[in-house]
Amino acid sequence: MVRALLTAALAVAALLSPATAHADPGPRIVGGTQVKANRYPWMVAIIDTGRKTQFCGGSLVNSRWVVTAAHCTFGRRATGIAVALGATDWRQPVRTAAVRRLVDHPGYVDPKENRGSRLLNDISMIELAEEIPLDDRRIQTIALPKPGTGFFSAVAAGWGMTTYQGKASVKLLEVPLLNQELLCTRLYPLLRLTFDPRVQTCAAAPGKDVCKGDSGGPLMAAFSGRMHLVGVVSWGVVCGDQSKPAVYTKVSAYTDWIRSVARTGRWQQNPGIPNS
């Protein structure tokens with residue numbers, strides 16, 4: 001039992017580093033299928049401009065702001081990040097935008113500073129240095145859920161690793177998932193891991209998951225024909241293990257905060273319409 005707990009703890013610690021992700025900045029898609037070009041036009045890749053590598057995902061919510069995970073942006077400088085928009089292959093985006101500033105949630109505590117961090121409030125905002133035109137169907141915004149909104153089924157997408165400790169994908173992949181909050185609420189306290197269903201959600205499916213590199217990317221659910229950002233990839237234990245679902249920041253708990261931060265930019269009237 002002690003060995004099992006230690007293994008789980010070490011796995012989570014590994015995922016928390018910006019170089020990893022199932023608890024770190026970027027779980028990657030396991031068991032996914034390639035996304036049709038520009039199907040999710042709000043999906044962005046977050047690029048380290050020094051290393052010229054993709055390390056996290058994010059979602060465009062208005063013409064100036066991206067929502068991602070705080071563990072993706074914590075300790076970074078805006079000048080060291082760029083955002084690739086309208087990309088299926090993150091190396092060939094429709095356009096790339098510089099970043100003006102990063103706004104981590106004030107309640108976020110990063111494990112690099114406090115090993116007792118429970119990865120709560122793992123959400124941040126990226127303000128782009130320019131207004132992004134939304135008249136191109138390849139770059140659009142996703143809808144935000146109303147406070148208290150739940151979901152039964154959802155889709156996650158990203159450029160992360162395709163197997164645990166495996167290689168990342170340069171092409172955008174997606175996986176269908178089911179809500180597993182009840183399992184996480186019961187399981188993770190037994191593993192001495194924190195799961196708070198008020199501000200976190202989780203999802204899983206057999207052989208399908210997010211993994212390192214997917215962090216910050218969207219968990220999307222369809223309501224009334226429009227896709228809503230119901231989760232932000234936060235952390236996990238082992239990619240692809242359905243018995244230990246990945247954990248996402250529950251966006252419906254932060255909708256008001258997101259809107260309070262994103263005071264610049266234009267909000268679309270009918271966001272979240274995927275391209276067929």
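This report looks at the disulfides of a predicted model and at the surroundings of one asparagine.

**The disulfides**

Searching the whole structure turns up 3 disulfides. If you number the bonded cysteines in sequence order, they pair as 1-2, 3-4, 5-6. Here they are side by side:

| Disulfide | S to S | Angle about the S-S bond | Handedness |
|---|---|---|---|
| Cys-56 to Cys-72 | 2.1 Å | -85° | left-handed |
| Cys-184 to Cys-202 | 2.1 Å | 120° | right-handed |
| Cys-211 to Cys-239 | 1.9 Å | 75° | right-handed |

Let's start with the bond from Cys-56 to Cys-72. It links distant parts of the chain, 16 residues apart, with Cys-56 in strand 3 (residues 53–60) and Cys-72 in helix 2 (residues 70–73). Cys-56 is buried at 0% relative accessibility, and Cys-72 is buried at 1%.

Next comes the bond from Cys-184 to Cys-202. Cys-184 sits in helix 3 (residues 181–190) and Cys-202 in strand 10 (residues 200–204), so this pair ties together parts 18 residues apart in sequence. Both Cys-184 and Cys-202 are buried.

The bond from Cys-211 to Cys-239 joins two loops. Cys-211 lies between strand 10 and strand 11 (218–223), and Cys-239 between strand 12 (226–235) and strand 13 (246–250), so parts 28 residues apart in sequence are tied together. Cys-211 is buried at 1% relative accessibility, as is Cys-239 at 8%.

**Around Asn-38**

Asn-38 is found in the loop between strand 1 (33–34) and strand 2 (43–48). With a relative accessible area of 17%, Asn-38 counts as buried because the cut-off is under 20%. Its side chain reaches the backbone oxygen of Gly-86 at 3.3 Å. Beyond its neighbours within four places in sequence, Asn-38 contacts Gly-86, Thr-88, Arg-138 and Asn-275.

Notes:
Residues numbered from 1 in each chain as written. Predicted model: local features only at pLDDT ≥ 70, side-chain atom pairs only at ≥ 80, totals over all residues. Heavy atoms only, no water. Helix = DSSP H or I, 4+ residues; strand = E, 2+ residues; numbered from the N terminus. Buried < 20%, exposed > 50% of the residue type's maximum accessible area, 1.4 Å probe, protein only. Polar contact = N/O pair within 3.5 Å; in protein donor to acceptor, adjacent residues only side chain to side chain. Contact = heavy atoms within 4.5 Å. Disulfide = S-S within 2.5 Å.
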